[in-house]
Amino acid sequence: MKNGFTLAEVLITLGIIGVVAAITMPSLITNIQDKHFKAMWKKNFALLENALLGVKQDNPGITICENFKTNSKEFIDAFLAHLDIVDTCGSNGYDDIFCNETKHKWMQPWFKDLSGKYIVGAQSVRHALLKNGARIFFIGDGHTSLVSIGIDVNNIKGPNKLGRDIFVVGVYDKKINNSVNEKSNLENIVLIPWGSPNGYCGKNGGKYTSCKGIEGCSPDIGLKSNYPSFPDAPGAGCAYSALYE
């Protein structure tokens, strides 16, 4: 009868354990990171809702056009006034300071979608670094409408992927069940996470120009082309599921 394991048996066992660990550890680490990102996203979403509430309280009963266009510097200034901001920059006309990657090292102009492809970043008209380390960015449609607001919960630390550490909410008029316009009353404006059934491209919500990525939360849902727009990018619809599922 054997009284122990031979050296060969021990080495084989250790080898098997090592292989199993090599296979399972990356997935385990990703799951732990995702839980952390989701917790940070929930906290930051609450901050965004409180900021919008502050704007409403400061401007009771007015329509958008009575004080500021939805995509104007004035609206964004009013929104950011209710957040704890460290630094801010923007594109021409949206901030007194133009975003410069050398000067604003906290600003990450490029992200990837959930499938790993880069997203077009030119739609972001204003960026702000929050004291908690997150970055907020405002997405416009190039005209008068502030379409959405995004949060990168840990800024440049990575992975900088839409649907993992980057999430987007739509600026929505609940009365008309669609995106805000110049006639929208502030009291009817809500923030709806992309991927919600009541938001952009949801079964109960209004339609946006193109939103293939908002229709779900998966690397396989969305445009597979290089440099998709935010609404078309895989991972765009993860904001809702990360909050409520």
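Predicted model: local features only at pLDDT ≥ 70, side-chain atom pairs only at ≥ 80, totals over all residues.
Biologist: Let's start with a bond. How far is it from S to S in the disulfide that joins C217 to C238?

Modeller: Residues are numbered from 1 along each chain as its sequence is written, and side-chain values use heavy atoms, leaving out hydrogens and water. A disulfide is a pair of cysteine sulfur atoms within 2.5 Å. C217 and C238 are joined this way, with an S to S value of 2.0 Å.

Biologist: How many residues apart in sequence are the parts this pair ties together?

Modeller: C217 sits in the loop between β7 and α4, while C238 is in helix α4. Helices (H or I, at least four residues) and strands (E, at least two) are DSSP runs, numbered from the N terminus. So the pair ties together parts whose separation in sequence is 21 residues.

Biologist: Is C217 buried or partly exposed?

Modeller: Buried means under 20% relative accessible area, exposed over 50%, and partly exposed in between (1.4 Å probe, protein chains only). C217 comes in at 39%, which makes it partly exposed.

Biologist: And the other disulfide: which residue does C89 join to?

Modeller: The count comes to 2 disulfides. In this one, S to S is 2.1 Å, and the partner of C89 is C99.

Biologist: Which hand does the link of C89 and C99 have?

Modeller: Look at the turn about the S-S bond, which is 95°. That makes the link of C89 and C99 right-handed.

Biologist: Now H82. Which residue's side chain makes a polar contact with the side chain of H82?

Modeller: H82 is in the loop between α3 (73–80) and β1 (85–90), and it touches (heavy atoms within 4.5 Å) A51, G54, V55 and D58, not counting residues up to four places away in sequence. A polar contact is a pair of N or O atoms within 3.5 Å; within protein, one must be able to donate a hydrogen and the other to accept it, and residues adjacent in sequence count only if both atoms are side-chain atoms. At 2.7 Å, the side-chain partner of H82 is D58.

Biologist: Which residue in β7 is the bridge partner of V171?

Modeller: Strand β5 (residues 166–173) pairs with β7 in the antiparallel sense over 5 bridges, where pairing takes at least two DSSP bridges. Within β7, V171 is partnered by L191.
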